[in-house]
Amino acid sequence: MISYISGTLAEVDTDHIVVESGGVGFEILTYASVIEHLPNLGSEVKIVTYMDVKEDDIRLFGFLSVQERKLFRQLITVSGVGPKGALSILNELGPDSLVAAIIASDSKSISKANGIGAKTAQKVCLELKDKVSLEGTIYEKYADSAGFDEASDSGVMGEAIEALCALGYSRSDAMQAVRKIEDAASLKAETIVSKALRLL
């Protein structure tokens, strides 16, 4: 098992990179969020990897952190999601938004990933909802003590989220916007919607 590769960034493409280490160029499949955060060609990089071994093929998948690799591993435990499907989901949403979508049961956003159908997206939400965490994501500071789950979205906050969904916003986007509003639970649903729309 190759846990990570440290070396020189030799090539960057839309779906893979090449890292040269010890005179060997390692082709690593990856996704948009990783590529966006890479340094310039020729720079030193450390890429966390997952090695997928099949009878006729060995592929390396690359991530910026151990947490991202853990999310990838969780995705491939879902029936119908292989390594390529998991990479497609991460490419579509990025790790932070994917975690938020899973917790919000927003299968519609996940199903936008290439090769991922509605039923598979629903399984991702159902099977991983209790396994993923907002900890370490950009949404962590917006999660209150009640959590970022459907159970806490009752009353005016729940009404506001449903109203935003009716306006065409995804459930995860609606939940994120509502969570950012200070003292939202003490406001009227109409006020929450109005404030949330400014954030969307």
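This is a predicted model: local features need pLDDT of at least 70, side-chain atom pairs count only at pLDDT 80 or more; totals for chains, interfaces and linings use all residues.

Trainee: What makes Lys54 partly exposed?

Mentor: The relative accessible area of Lys54 is 42%. Residues are numbered from 1 along each chain as its sequence is written, and side-chain values use heavy atoms, leaving out hydrogens and water.

Trainee: How do you know that the side chains of Lys54 and Asp52 meet in a salt bridge?

Mentor: The N to O distance between the side chains of Lys54 and Asp52 is 2.8 Å. A salt bridge requires a side-chain nitrogen of Lys or Arg within 4 Å of a carboxyl oxygen of Asp or Glu, so this pair qualifies. Side chains of opposite charge can pair when their charged atoms come close. Asp52 is itself buried, because its relative accessible area is 9%.

Trainee: What makes Asp52, Lys54, Asp57 and Arg59 a network?

Mentor: They are linked by salt bridges. Besides its bridge to Lys54, Asp52 meets Arg59 at 3.0 Å, N to O. Arg59 also pairs with Asp57, their closest N and O atoms being 3.5 Å apart. By this rule the count comes to 3 salt bridges.

Trainee: Why are Arg59 and Asp57 given their accessibility labels?

Mentor: Arg59 counts as buried because its relative accessibility is 16%. Asp57, at 33%, therefore counts as partly exposed.

Trainee: What makes the link between Ser170 and Asp106 a polar contact?

Mentor: The two side chains make this contact at 3.3 Å. The term covers N or O atoms within 3.5 Å, where within protein one must be able to donate a hydrogen and the other to accept it, and residues adjacent in sequence count only if both atoms are side-chain atoms. Ser170 lies in the loop between helix 6 (155-166) and helix 7 (171-179); helices (H or I, at least four residues) and strands (E, at least two) are DSSP runs, numbered from the N terminus. Ser170 counts as buried because its relative accessibility is 16%.

Trainee: Which residues is Ser170 in contact with, leaving aside its neighbours within four places in sequence?

Mentor: They are Asp106, Ser109 and Cys165, where contact means heavy atoms within 4.5 Å.

Trainee: Which residues of helix 2 are buried, and what do they pack against?

Mentor: In helix 2 (residues 66-75), the buried residues are Glu68, Arg69, Leu71, Phe72, Gln74 and Leu75. They pack against helix 1 (32-36), strand 4 (44-54), strand 5 (57-63), helix 3 and helix 5 (118-128).

Key:
Buried means under 20% relative accessible area, exposed over 50%, partly exposed in between (1.4 Å probe, protein chains only).
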